Amino acid sequence: MNESSVRTVGWARSLPMGQGVKAARDWAQEHLASLGWDETAPETVHAVLLTVSELVTNAHVHARSDAQLVMSWDTRCLHISVHDGSAALPTPREPSEERVGGRGMMLVDVLADTWEARPCPHGKTVTACFRAPEATAAV
């Protein structure tokens, strides 16, 4: 493959606040299956789906915003991006016995190979990246 060009496959979906995270997970799972990951990388699929759940939940609960979910696969990394309307950037917090929530970004930090949050003019985008096992890298 020519290093100066990258082939990317992508999908996008808008998730209004009234739609649950299950819709986001089901949608993501369908696209992961189209890549063959459900057969070749089931552990990665579980990590991706949990990350989708956490990022969409953060958009709906903490940002009180609709979420735009984008998945893109460039044969090296699966990028899961969620945009919401809040400019407040997430940070992992230490678990606490006093709080029921607050563990979402800590989970994303553990599950994803990398993640980052970037402000943009109308909110922020949080992107988590997952490298596929070697068996799926050629898909």
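Which residues touch the most other members of the largest nonpolar core? In this predicted model, they are Trp-37, Leu-78 and Ile-80, out of 31 residues in that core. The elements that each put two or more residues into it are strand 1, helix 1, helix 3, strand 2, strand 3, helix 4 and strand 5. Helix 3 hands over the largest share, at 8 residues. As a bit of background, nonpolar side chains in soluble globular proteins tend to be buried together.

Leu-78 is a handy place to start looking around. Leaving aside residues up to four places away in sequence, Leu-78 touches Leu-32, Leu-35, Trp-37, Val-48, Met-71, Ser-72, Trp-73, Ala-128, Cys-129 and Phe-130.

Now for helix 4, which spans residues 104-111. Its buried residues are Gly-104, Met-105 and Val-108. Looking down the helix axis, these buried residues sit within an arc of 90°, so they line one face of helix 4.

Is Ser-53 buried or exposed? Ser-53 counts as buried because its relative accessibility is 9%, and the cut-off for buried is under 20%. Its side chain makes a polar contact with the side chain of Arg-25, at 3.1 Å. Setting aside residues up to four places away in sequence, Ser-53 touches Val-21 and Arg-25.

Methods: Residues numbered from 1 in each chain as written. Predicted model: local features only at pLDDT ≥ 70, side-chain atom pairs only at ≥ 80, totals over all residues. Heavy atoms only, no water. Buried < 20%, exposed > 50% of the residue type's maximum accessible area, 1.4 Å probe, protein only. Helix = DSSP H or I, 4+ residues; strand = E, 2+ residues; numbered from the N terminus. Arc of directions from axis to C-beta. Core = buried A, V, L, I, M, F, W, Y, C linked by side-chain atoms within 4.5 Å. Contact = heavy atoms within 4.5 Å. Polar contact = N/O pair within 3.5 Å; in protein donor to acceptor, adjacent residues only side chain to side chain.
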